[in-house]
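Here is a short note for a colleague opening this structure for the first time. Please read the points with the model on screen.

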Amino acid sequence: MIRTPHFWSIPHHPVSVLLQPAAGLWDGISQLRRRLTRSIRTPIPSICAGNATIGGAGKTPVVMALAEMLRQSGAHPAIGLRGYGARIAPGVTRVDPARHTARETGDEALLLAQVAPCYVSRDRYAASLAAYQDGATHILFDDGLQNPQIDYDIALLVIDGAYGIGNGKIIPAGPLREDWLAALGRCQALVMIGGDDTDLLATAASALTDKILLSASLVAEIPAGLSRTEKFLAFAGIGRPEKFFQTCRDSGLELVAMKSFPDHHSYAAAELETLERQAQARGARLITTAKDAVRLPPEYRKRIAVLPVRLQLTDPGTLLTLLPKLQ
């Protein structure tokens with residue numbers, strides 16, 4: 001995946017203006033697809049955590065948190081996703097972290113399979129059917145809000161509060177997959193991760209009157225063996241690498257350098273050797289995200305520190321009010 005264009009975060013940028021006709025075409029095709037597609041219900045209750053923008057809004061941590069909440073209630077959730085960049089056979093693949101690689105299933109799938117049975121398929125209904133046949137009581141979808149195939153029981157719009165909706169333009173003029181208020185209209189709740197730095201909620205007050213607003217943050221989980229007295233060179237190939245770098249700082253880690261890669265970047269040994277030399281020259285240790293870690297060559301996974309994050313809801317009980325609708 002290419003890096004996010006810098007002008008996607010700049011209102012009225014000349015390049016964005018020039019791309020407006022292409023954005024209109026994208027939006028028109030997307031709307032036509034939704035009108036012509038007949039949505040179907042899954043055999044078990046479904047929840048979709050989606051976003052309106054390209055890039056890392058925080059969908060995967062939301063799905064992981066939902067899986068944990070459902071497990072604690074006695075349910076048996078499963079997770080379905082398309083698997084970005086996955087090289088899998090047609091049909092449905094149940095992810096086995098001990099056997100599959102990020103190239104085969106996508107990096108999110110390997111992470112999600114650690115918390116619940118995970119199924120990768122281009123056909124979301126087929127994934128839900130496989131999960132149902134394996135005994136799942138609920139199916140959680142990481143992404144898919146713009147895919148009209150499934151009539152979700154519950155849909156959540158996830159927004160990164162620091163980034164908001166960028167310049168508010170649709171692809172390729174901006175980061176939006178569709179008008180974000182249209183996406184919100186198909187959802188029961190909005191999950192705002194971090195502070196509303198762009199005042200997005202104030203501009204959408206009327207659209208939120210019948211929605212549940214969930215405030216959340218991503219909290220780092222410092223693993224054993226990682227000391228705050230060390231120095232680190234942080235690197236990440238996610239939607240917004242700067243989020244990870246800020247999380248490191250917020251956790252009290254000293255960063256001597258930072259290196260960004262494109263989202264879903266597949267790391268070569270030569271790149272990692274260069275990073276290791278740069279870290280050693282600064283008396284530092286390499287650190288990356290859990291999502292990046294599953295894309296590292298096996299021989300590097302024990303040598304590079306990982307800083308996992310989890311979703312922390314300000315009021316988990318508010319989200320629980322949606323769950324009775326799934327029974």
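1. Threonine 247 is buried, because its relative accessibility is 14% (buried is under 20% relative accessible area, exposed over 50%, partly exposed in between; 1.4 Å probe, protein chains only). Threonine 247 sits in helix α9, residues 241-250 (helices are DSSP runs of H or I, at least four residues; strands are runs of E, at least two; both are numbered from the N terminus). Leaving aside residues up to four places away in sequence, threonine 247 touches Ala220, Leu307 and Val309 (contact means heavy atoms within 4.5 Å).

2. On the basis: this is a predicted model, where local features need pLDDT of at least 70, side-chain atom pairs count only at pLDDT 80 or more, and totals for chains, interfaces and linings use all residues. Numbering runs from 1 along each chain as its sequence is written, and side-chain values use heavy atoms, without hydrogens and water.

3. The structure holds 17 salt bridges (a side-chain nitrogen of Lys or Arg within 4 Å of a carboxyl oxygen of Asp or Glu). One of them joins aspartate 107 and arginine 295, with closest N and O atoms 2.6 Å apart. The partners are 188 residues apart. Both are buried.

4. Arginine 240 and aspartate 160 form a salt bridge at 2.3 Å, N to O. Arginine 240 is in the loop between β9 and α9 and aspartate 160 in strand β6, so the pair ties together parts 80 residues apart in sequence. Both residues are buried.

5. Arginine 310 pairs with glutamate 221 in a salt bridge, 3.1 Å between the closest N and O atoms. Arginine 310 is partly exposed at 35%. Glutamate 221 is partly exposed at 38%.
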